[in-house]
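Thanks for coming. I will go through one structure this morning, starting with a sheet and ending with confidence.

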Amino acid sequence: MKKSIKLILIFMVNLCFLGGVVFLIVKSGGGNEAQIKVPETPPQEKVETPWAKIAVYKLQTKSARAMVFVREKDFLVADDAGITAYSEDRKQLGIIPVTGEIVSLAVDKIIIYAALPRQIVKINGSTIKRWPELDSRTRLTSIVLSGGRLFAADAGNRKIYCFDENGKKLWESAGAEGEKFVVPSPYFDMVPDGDGGVWIVNPGRHRIENYAKDGKFKAQWKPLAANAFSGCCNPAYLGILSGDRFVTLEKGTVRVKLFAPSGEMIEYVVPESGFNPGGFRYDLKVLPDEKIAILDGYAGEIKIYARRNHEK
């Protein structure tokens, strides 16, 4: 126990020097479906993309499920052992033992939030506090910090929740009036919108929706082409780049695409041929310098992608 506390303290000292998470602002776009045909990726065929894999971070685990970056190269990874902190030279700073399956992470300066399927854990230095468990139907899939509040996506109850910093639930939403969330599988991702609210994937409807800090529905976004996302429920993961562009990672046919605010597909970031066949355990994050990080939990690595010649 003393050893674990010592590791936590070492980690927190290092983390104090790390920068905060940069959130990008985005507004909604709309459009008429089926105006633009999205090119489909033939299975395992090489597809040209202006994005290049520039780095691979090898992890000392094959059970990683979630990641969060504190700076471009400083990051936390959640796996079966708990939360491992890596420095920018990819050395382990320590492990914070957290019992349970961690599905998502969020960081606010030196405070770490970890989501278990039915519970949120708050870690502040050597203090680990578990918030009250949610009901038995709950299946948390994503947490983010936005506007000083913690948002959580619950695929089991098909709702999003907003908590204050002490775990008090401020509100919950089951979706826009008459257009509830449709979540057929446990993939229900979201990102901060830069205005204190969130953009959240409504996967069964193949679209992304914007909710304000007070829970009010603001806008929605969807691709122009009706066949942009395959399967019953996509995208599985979401990111935002400058210029109001969405980055999406799909399950089923695994691929990463970049879309314009209008809904038009701009390009592939990583086509299907860039992913290994097998189990699906990924996470996606956009870094402050607009690079894209993709966690491959089964391979035990994080791949970093950037546009060639630093284009934007």
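**The four-stranded sheet**

Four strands form an open sheet in the order S10-S11-S12-S13, and the pairing is antiparallel. Its edge strands, which pair on one side only, are S10 (140-146) and S13 (169-173). Strands here are DSSP runs of E, at least two residues, numbered from the N terminus; two of them pair if DSSP finds at least two bridges between them. S10 and S11 (residues 149-154) are joined in the antiparallel sense by six bridges. Isoleucine 143 has alanine 152, in S11, as its bridge partner.

Before going on, this is a predicted model: local features need pLDDT of at least 70, side-chain atom pairs count only at pLDDT 80 or more, and totals for chains, interfaces and linings use all residues. Residues are numbered from 1 along each chain as its sequence is written, and side-chain values use heavy atoms, with hydrogens and water left out.

Next, methionine 67, in strand S2 (residues 66-69). Methionine 67 is buried, at a relative accessible area of 0%; buried means under 20%, with a 1.4 Å probe and protein chains only. Its contacts (heavy atoms within 4.5 Å) beyond four places in sequence include Leu76, Leu105, Leu284 and Ile302. Leucine 284 is 217 residues away in sequence, yet the C-alpha atoms are 8.2 Å apart.

Last, confidence. pLDDT, the predictor's confidence in each residue from 0 to 100, averages 87 for the protein, and 84% of the residues score at least 70. Over residues 1-42 pLDDT stays under 50. Where pLDDT is low, the predicted coordinates should not be read in detail.

How values were computed. Buried means under 20% relative accessible area, exposed over 50%, partly exposed in between (1.4 Å probe, protein chains only).
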